[in-house]
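Here are a few friendly notes to read beside the model. Keep the structure open and find each residue as you go.

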Amino acid sequence: MANTTAVYARIDTKLKENAENILSQLGISPSSAIQMLYSQIVLTRGLPLDLHLPSAKPTAIDGMSRAEIDAELMKGMDSLKSGKAYTADEVDAELSKEFGI
C-alpha cells in the first residue's frame, strides 16, 4: 500500500455536506478531492484558486435609502447643469468597463 497519512480539518457541517454532495455527483471522493488540491498546491507552488475581492457592483435602487437616491439624483442634475452629458453608448461602455455588465 502507498505511504499515506491522514489530514484532519474542522469545517462547517453544512459546507461539508454541500461540497460532498457535489463531489459525489462528479464521482470524486472527499479524499481524492483533497489529494487533487494538495497536488495542485505543489504544482503551482501556491493555492490553485483565484483569490480576490469581487468587483464592485452597481447598487440596485431597492437597496438604497430615499436620501441616497436623492443624493444620486442631485449628482445627475448638477452634472447636467455643468454641461456634462453622456450618450447611451458611453454609459454602456463605462458600465462594461467598471462592472462587466
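1. A term to start with: helices here are DSSP runs of H or I with at least four residues, numbered from the N terminus. With that in hand, look at helix α3, residues 66-81, where K75 and E72 both lie, three residues apart, or about one turn of the helix. Please remember that this is a predicted model.

2. K75 and E72 form a salt bridge, and their closest N and O atoms are 2.9 Å apart. K75 is exposed, at 51% relative accessible area, while E72 is partly exposed, at 42%.

3. Now move to helix α1, residues 13-26, where K14 and E17 are three residues apart and so separated by about one helical turn. These two form a salt bridge, with 3.9 Å between the closest N and O atoms. That pair counts because the cut-off is within 4 Å. K14 is exposed, with a relative accessible area of 51%; E17, at 43%, is partly exposed.

4. Helix α1 also holds K16 and E20, four residues apart, again about one turn. Their salt bridge has its closest N and O atoms 3.2 Å apart. Both residues are partly exposed: K16 at 38% and E20 at 29%.

5. Finally, is I101 buried or exposed? I101 is exposed, because its relative accessible area is 60% and exposed means over 50%. You will find I101 in the segment after α4 (88-99). From A9, I101 is 92 residues away in sequence and 39 Å away in space, C-alpha to C-alpha.

How values were computed
Residues are numbered from 1 along each chain as its sequence is written. This is a predicted model: local features need pLDDT of at least 70, side-chain atom pairs count only at pLDDT 80 or more; totals for chains, interfaces and linings use all residues. Side-chain values use heavy atoms; hydrogens and water are left out. Helices (H or I, at least four residues) and strands (E, at least two) are DSSP runs, numbered from the N terminus. Buried means under 20% relative accessible area, exposed over 50%, partly exposed in between (1.4 Å probe, protein chains only). A salt bridge is a side-chain nitrogen of Lys or Arg within 4 Å of a carboxyl oxygen of Asp or Glu.
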